[in-house]
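Me: Please take me through this structure by question and answer.

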Amino acid sequence: MNAKRADKIATAVLYVMSGIIVLILALLLFYILFNGVPHISWHFLTAPAESFQKGGGIGVQLFNSFYLLFLSMLISTPISIWAGIYLSEYAKPNRLTNIVRTSIEVLSSLPSVVVGLFGFLVFAVQAGFGFSILSGALALTVFNLPLLTRNVEDSLRSVAFTQREAGLSLGLSRWETVIHVVLPEALPGIITGMILSAGRVFGEAAALIYTAGQSAPALDFTNWNPFYIASPLNPMRPAETLAVHIWKINSEGIIPDATAVSAGASAVLIIAVLLFNILARLIGNKVYKRSTGL
Amino acid sequence: MAEDKIRESLLKESKASKREKHGKILSYSAIILIVVVVVSIFLFVATRGIATFTVNKGSIIDFFTKSQWNPGATDKGGHPLIGALPMIVGSFAVTVLSAIVATPFAIAAAIYMVEISPRRGYKILQPVIELLVGIPSVVYGFVGLSVVVPFIRNHFGGTGFGILAGTLVLFVMILPTATSMSVDALRAVPRYYREASLALGATRWQTIYKVVLRAAVPGIMTAVIFGMSRAFGEALAVQMVIGNATLLPQNLVSPASTLTSILTMGMGNSVMGSVSNNALWSLALLLLLMSLLFNILVHRISKKGALH
């Protein structure tokens with residue numbers, strides 16, 4: 001075959017295959033939004049779920065998802081920043097650094113179901129937290145730490161070395177230089193990474209079914225005392241999240257409108273993830289513009 | 001008096017060095033925490049998983065070769081029935097098949113984004129890939145359950161649940177991982193490779209096929225293995241479409257199971273410390289070891305194949 005013709009055919013094939021990928025995403029989004037959005041209403045977003053009848057909402061699950069996300073970010077943010085600072089500022093090329101890097105790599109490739117089972121064993125059973133938001137948040141922290149840490153490290157590394165020299169020459173200690181000079185400079189990148197990982201955590205279910213549990217007891221939204229058992233803020237109550245809810249009503253649920261509820265809930269999840277993505281992209285672009293002066 | 005004060009302030013630890021010490025302690029404890037977590041994951045899962053064979057006298061050969069999974073019951077010799085072969089076969093089948101389907105698409109998309117049209121690649125394909133990563137796995141499972149499974153039932157027979165449904169769902173799920181890593185692999189090929197080839201009169205496709213792809217083979221293999229590792233560990237989406245029957249799959253549309261699907265189904269229904277529970281932990285241990293193996297493979301390949 002003529003080389004030019006082969007070139008044309010190959011190019012056409014590449015166009016078609018890339019087009020198929022775009023088509024798959026378009027169909028996926030269309031299917032979920034087309035089936036799900038009509039079910040979204042104020043009632044659907046706020047009403048508690050039904051176990052046997054139709055017409056239930058996702059109010060409690062939605063709140064649980066956000067609360068769990070908030071708590072796990074609260075725990076994992078400082079740890080990942082400290083660990084990221086070690087890796088980018090203090091790490092010497094020695095054995096300890098090697099072990100740390102390998103650990104992070106292994107942790108980031110662990111299946112989330114294994115992380116969930118570990119959380120079940122350690123936080124829910126051994127530590128006695130039971131199926132609770134606290135167990136769930138800790139499991140999500142384990143799941144989230146490696147990616148966040150790597151993101152912090154990369155963001156810190158992208159800050160010019162002259163910035164550090166400037167800080168040190170002013171008599172600041174290394175730590176002060178990092179906290180007051182390098183970190184603020186790297187902050188936009190860190191925030192972008194955190195928002196993206198928030199989207200990931202928001203949709204995670206496998207790590208949660210045996211840590212935060214699969215039941216969503218009714219909440220009393222008038223009592224915000226965290227020690228009250230039905231308080232939304234109580235971290236020791238079992239809390240089924242939106243993603244877990246979709247899984248549960250599809251695999252063992254008996255509500256008659258399971259398809260409708262999961263379509264609506266999937267649409268809410270997708271919209272949330274889309275928003276997280278857009279937000280991260282906006283911040284990323286802003287940073288890019290600021291740092292390149294374009 | 002004044003001398004003493006100066007002396008004291010010079011000998012005392014300064015504020016800055018105190019802060020430095022505190023900061024160092026914080027960052028060291030954070031990384032030690034991470035290492036401890038990883039080590040304890042392995043320790044906890046391993047002790048539970050090995051108990052099946054040491055405490056409950058399960059046979060490790062049965063585990064890998066027999067296909068009867070009923071850990072609560074025992075065979076004639078008093079050993080629990082822990083034949084995990086159906087799950088192992090199921091896991092490998094969906095992993096390998098989905099990788100076979102996804103690889104050509106991932107490579108094609110990567111070539112498109114790097115070689116053919118970087119601008120459109122960045123504007124269209126990049127966000128598409130990012131969105132595909134972002135879609136939660138339960139949503140993939142739900143779409144699989146309500147679109148893929150009925151489609152297979154109507155066109156290929158059977159219940160629709162099975163390896164084929166699992167493969168199709170996983171194909172879409174690992175596609176973004178494999179694509180974005182293939183993109184990195186192609187980008188790492190130095191520009192002068194392409195220039196040299198084009199200068200020799202090769203067409204764009206000849207350059208891609210005979211030069212760029214060959215140079216990027218290790219990177220693309222890493223991408224595929226990463227995708228496979230994700231497919232192997234994926235739990236809920238697969239569990240929703242595979243049928244969860246602990247039988248050796250007869251064909252692509254007969255209900256089957258994977259390690260992860262039996263784990264998620266079973267863990268809630270067994271009592272801690274019982275034989276059935278320990279057997280599940282053995283599955284988790286196998287999952288853990290496989291993920292470690294994928295990691296080691298990736299390391300080996302990237303070390304061997306690094307571009308000079």
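Me: What percentage of residues 88–298 of chain B is helix, and what percentage strand?
Reply: This is a predicted model, in which local features need pLDDT of at least 70 and side-chain atom pairs count only at pLDDT 80 or more, while totals for chains, interfaces and linings use all residues. Residues are numbered from 1 along each chain as its sequence is written, and chains are lettered from A in the order in which they are written. UniProt, in an unreviewed entry, lists residues 88–298 of chain B as "domain: ABC transmembrane type-1"; such annotations may be inferred rather than shown by experiment. With helices (H or I, at least four residues) and strands (E, at least two) taken as DSSP runs, this stretch is 80% helix and 0% strand.

Me: Which helix of chain B gives the most to the side that touches chain A?
Reply: Residues are in contact if their C-beta atoms, placed from the backbone, lie within 7 Å. The contact takes 66 residues from chain A and 68 residues from chain B. With 19 residues, the largest contributor on the chain B side is helix 2 (residues 15–54).

Me: How far apart are the centres of domain 1 and domain 2 of chain B?
Reply: An automatic or database domain assignment supplies the bounds. In chain B, it gives domain 1 (15–82) and domain 2 (86–304). Taken over C-alpha atoms, the separation of their centres is 25 Å.

Me: Which helix of chain B gives the most to the side of domain 1 that touches domain 2?
Reply: This contact takes 17 residues from domain 1 of chain B and 13 residues from domain 2 of chain B. Seven residues on the domain 1 side come from helix 2 of chain B.

Key
Contact = placed C-beta atoms within 7 Å.
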